[in-house]
Amino acid sequence: MDKKQAEELKEKLFQKKENGWKLKTQEEKQQIFEYARGYIDYMNKSKTEREIISNSQKIAEEHGFQNIETCQNLKVGDKVYYNNRGKSMYLAVIGKQSMENGVNIIGAHADSPRLDLKPNPLYEDGEFAYLKTHYYGGIKKYQWTTIPLSIHGVIVKTNGEKITINIGEDPQDPIFTITDLLPHLAQDQMKKKLAEAIDGEDLNLLVGSIPFDADVPEKVKLNILSILNEKYGITENDLLSSEIELVPAMPCRSMGLDNSMVAGYGQDDKICVYTSLTALMNIENPEKTAICIISDKEEIGSMGNTGMESHVFDYFMSEILNKQGINTPNLLEKVYCHSKMLSADVDAGLDPIYANVSEKNNASFLGRGIGLNKYTGARGKSGASDANAEFVAEVRNIFETNNICYQISELGKVDVGGGGTIAYILANKGMDVIDCGVPVLSMHSPYEVTSKFDLYEAYRGYETFWKNA
Ligand code: MN
Ligand code: MN
């Protein structure tokens, strides 16, 4: 065989792993950049799960979705949502086929790693006022000091009145920060392991330094409480029933001299929320009922009534069957066993600076399209939901037929670490599930990086799945 023939054979037999940007025309690149602008705008309005749900509900309502609790009956083409306590949400577009044949689900999560305030957060020390925090999810604590932080959340009074807080995003607002030791005096700290250099109990937010004008103890704390009382009508006790999150005050921005990337907080997993939600808005009268999940608490194990482990999703699905007038005992289990799902969560992109944690043949790369993980888990796939080869083939077929750039990978080298998503929870109900999301650099940091190419392929990929699975 001569060289030319061998090259042809290679072209035919080898898997092509190439940078997707090369395949796009100038016009298509403009579409990608345009879509990324909408994403960046959404991200800048939605830094917490509550903000994601409220903004996503607005988008859904603008596209004709109705609260399922206000609907009497459902028929083909109807669009409904269920808002679960303002922190998670399920949406559906009713399909032409009976749900007995299964539904097509795409599920992402709206919560991201952050610092939560403790129930008794406010104290004074050394004439400074501080708020104590308890970190949420897997963070590298040193990354959260000396960066601008904003305060988001709700305070609920005993009479039920809910006060929504958002300070630090408007350029006119003050921001907050957690201080760190100067290098001149950090000899001991610098010798510690990275994981131990910053103590969890030292992640205290600096919020004030002016003493109240009176001769009483804790004057700086009193001044802060007096400001909060004037602004929100609350006392220290009201903080007991609050959910306040500290998130990076840096805006989500276009990144790179070529504008090819997005840098921003919380892209795990809001990038999959935005891409799946906007894809769902394009679905009209689908063959099979299209379901979109925006879940909460994924970063801390999906427990509780807004997490994916809760039965609220089953309730939503039962209500769809009830309101179509087709529900029978155990029908929901049948629906699940015939359903298919993309668990839309981000993947670790290969970072050339830290390439030694990835195995290049089985890593996701930024710019090569939507990333599928057949399984996650750690140490011998422990805890993994391992997608069946038959289902992987089906998803491959859908993506290949519709020219969606995809890559199938693992999260890091064997025994280096691992992770999980909501995939196993739905797979345990009997459906076919595979993880399918966007590769990210600096995952779980205050400033995560993604490729606009992958963002757009995820959007196209999700729409294609709902239309063809
Ligand atoms: Mn995630
Ligand atoms: Mn995560």
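Q: How many of the 8 residues of strand β7 (residues 149–156) are buried?
A: This is a predicted model, in which local features need pLDDT of at least 70 and side-chain atom pairs count only at pLDDT 80 or more, while totals for chains, interfaces and linings use all residues. Residues are numbered from 1 along each chain as its sequence is written, chains are lettered from A and ligands numbered from 1 in the order in which they are written, and side-chain values use heavy atoms, without hydrogens and water. Buried means under 20% relative accessible area, exposed over 50%, and partly exposed in between, with a 1.4 Å probe and protein chains only. Strand β7 is mostly covered, and the buried count is 7.

Q: Which residue in β10 stands opposite valine 154?
A: Strands are DSSP runs of E with at least two residues, helices are runs of H or I with at least four, and both are numbered from the N terminus. Two strands pair if DSSP finds at least two bridges between them. β7 and β10 (residues 242–248) run antiparallel, joined by 7 bridges. Opposite valine 154 stands glutamate 243.

Q: Which glycine takes a positive phi in the hairpin of β7 and β8?
A: β7 also pairs with β8 (residues 162–167), in the antiparallel sense and over 6 bridges. Valine 156 has lysine 162 as its bridge partner. The hairpin has 5 residues between the strands. The residue with phi near 95 degrees is glycine 160.

Q: In β22, what is the bridge partner of valine 262?
A: Strand β12 (residues 261–264) is joined to β11 (residues 253–255) by 3 bridges. There, methionine 255 stands opposite methionine 261. β12 is also joined to β22, by 4 bridges. In β22, the partner of valine 262 is threonine 450.

Q: Which residue coordinates both manganese ions, ligand 2 and ligand 1?
A: Donors are N, O and S atoms within 2.8 Å of the metal (3.2 Å for Na, K and Ca), and sites may look incomplete because water is not among the atoms. Ligand 2 is coordinated by Asp268 (OD), Glu299 (OE), Glu299 (OE) and His444 (NE2), at 2.1 to 2.6 Å. The two ions lie 3.3 Å apart. The residue that coordinates both is aspartate 268.

Q: How are the donor residues of the manganese ion (ligand 2) spaced in sequence?
A: Aspartate 268 is buried, and so is histidine 444. The donors are an aspartate, a glutamate and a histidine. In sequence their spacing is D-x30-E-x144-H.

Q: Is the crossing of α2 and α7 left-handed or right-handed?
A: Helix α2 (residues 26–45) and α7 pack at about 125 degrees, with axes 11 Å apart. That makes α2 oblique to α7. A crossing is left-handed if the near helix is turned anticlockwise from the far one by less than a right angle, and right-handed if clockwise. This one is right-handed.

Q: How far does helix α3 (residues 49–62) reach from its first C-alpha to its last?
A: The helix has 14 residues. Its buried residues include Ile52, Ile53 and Ile59. Just after α3, glycine 64 takes a positive phi of about 90 degrees. The reach of α3 is 20 Å.

Key:
The expected span of a helix is 1.5 Å times one less than its number of residues. Axes are lines fitted to C-alpha atoms, for helices over the stretch in contact, and angles run from 0 to 180 degrees between N-to-C directions. Angles under 35 degrees count as roughly parallel, over 145 as roughly antiparallel, 65 to 115 as roughly perpendicular and the rest as oblique.
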